Amino acid sequence: MFHGYVKLLELATNLFTMYRWNNMPTLVRTNEAENAFVSAQYCLLMSEMSALHGLELDDNKLFQRLVLKELPKCLLSDISVDTKILIKSLSPEKWTAVFSKTVEEVVQYFPSKRRGEFFASMVDTKDASTEGRIIQTGDLLSARLEAEIHGRYFPDFFARPLKDLEGRLESFKDFQPYGLLVNSDWVKRYADALVVLLRAVRWNRLNRNVPTTVAGHSFYVTLTSYILSSMEIENGEKIDPVEVVKRALLHDIPESMTGDIITPTKKKVPGFEEVISQVEEQMVSDNLLRGMPDELVKELKSRMLDPFATTEGELVRAADQFAATVECLMEIRSGNTQPAFRDALHRMLDDLSSSTFESVRFVTESFRWGLDWAGR
């Protein structure tokens with residue numbers, strides 16, 4: 001029943017190797033997983049700000065769309081924004097048909113009883129609803145952040161894209177969730193933290209064939225968490241998928257200040273892990289969350305500093321470990337012979353095999369024996 005979900009997780013690894021602005025000179029390369037992470041952060045903030053101001057919003061719809069909207073890209077591959085806009089202007093019906101056909105290919109991996117729901121979520125991702133407009137503005141803000149970085153070194157190439165992005169964002173000036181976010185004094189500081197995570201490379205002490213950043217990893221964890229939560233719900237378990245997604249998106253944010261301190265280092269001596277937790281709390285409070293409304297701090301802080309608390313958090317922890325095994329497998333499949341990746345892969349698969357979640361055990365065993373991604 002759930003083998004299709006496992007195939008989706010394999011398909012989603014394409015997000016790590018699909019680079020954006022590929023027809024332009026860029027200062028740094030960003031992939032689709034990284035872009036999706038930044039966009040989702042902006043959308044999360046708009047969702048929380050909307051709730052604080054009493055605006056109606058369907059978080060289930062919003063966060064489902066946020067996660068699933070990236071999957072069709074894994075099949076459509078590298079179509080630049082300019083190309084897509086021109087295709088739509090010349091033959092909108094053809095683009096709609098191509099996109100719908102792609103979504104049909106994706107939803108075949110979902111259980112049949114949910115295919116209609118997920119198809120609508122992907123096709124209507126950026127509709128005129130509040131949720132659709134939040135995603136539109138989140139995507140534009142993420143693209144603008146990338147273009148601003150590249151434009152510092154290649155201004156002639158990025159002047160037009162930046163002007164276009166500013167114009168498209170200007171059309172949302174009266175959209176309240178967007179206004180609440182961009183008119184906040186602290187949003188620039190939060191964006192700076194996201195830029196750090198875009199460049200923070202994981203497994204940094206080892207040579208990598210397929211480098212992954214904290215930002216890209218975090219989005220893959222989010223997608224994995226959502227899929228696992230869907231499996232748990234379909235098994236009759238009580239899991240809040242919105243809470244799962246929020247905790248997954250925020251679980252690595254403190255690393256924008258502390259760096260990626262690996263678990264073996266945290267556990268080298270008794271009590272050191274607690275010291276690291278204290279450092280994270282102080283740095284997050286003094287830097288990232290400073291100036292935010294108290295209600296917003298309350299919503300974000302605990303999920304950043306204690307992301308694996310609650311049942312939903314435990315599922316995110318499993319997804320975090322699973323995402324790490326995927327990174328190991330990508331290295332092994334690409335010919336990286338460093339034993340550290342194979343050793344870590346087997347160790348983490350053994351841990352995941354004893355999970356209390358049926359979904360995690362199922363995905364782990366399918367991953368280990370069925371898909372055989374590592375080519376063992």
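This is a predicted model: local features need pLDDT of at least 70, side-chain atom pairs count only at pLDDT 80 or more; totals for chains, interfaces and linings use all residues.
The side chains of Glu32 and Arg20 form a salt bridge with an N to O distance of 3.6 Å. Glu32 belongs to helix α2 (residues 32-52), whereas Arg20 lies in the loop between α1 (3-11) and α2, so the pair ties together parts that are 12 residues apart in sequence.

## Further salt bridges

In total, the structure holds 25 salt bridges. Glu70 and Lys69 meet through their side chains at 2.4 Å, N to O, and both residues are buried.

In helix α13 (residues 241-250), Arg247 and Glu243 are four residues apart, about one turn of the helix. Their side chains are joined by a salt bridge of 2.7 Å, N to O. Arg247 is buried at 7% relative accessibility, and Glu243 is buried at 14%.

The model contains two cavities of 30 Å³ or more. The second largest cavity has a volume of about 30 Å³, and its lining consists of Leu228, Ala318, Ala319, Phe322, Leu352, Val360, Val363 and Thr364. Helices α18 (310-333) and α20 (358-371) are the elements that give two or more residues to this lining. By class, the lining of the second largest cavity comprises seven nonpolar residues, one polar residue and no charged residues.

Key:
Residues are numbered from 1 along each chain as its sequence is written. Side-chain values use heavy atoms; hydrogens and water are left out. On a 1 Å grid over the protein atoms alone, a cavity is a set of points where a 1.4 Å probe fits but cannot get out, and a pocket is an open set with protein on both sides within 12 Å along at least five of seven lines; lining residues have an atom within 4 Å of a point. Grid points are joined across faces, edges and corners, and a volume is the space filled by probe spheres set on the points. Ala, Val, Leu, Ile, Met, Phe, Trp, Tyr, Cys and Pro count as nonpolar, Asp, Glu, Lys and Arg as charged, and the others, Gly among them, as polar. A salt bridge is a side-chain nitrogen of Lys or Arg within 4 Å of a carboxyl oxygen of Asp or Glu. Buried means under 20% relative accessible area, exposed over 50%, partly exposed in between (1.4 Å probe, protein chains only).
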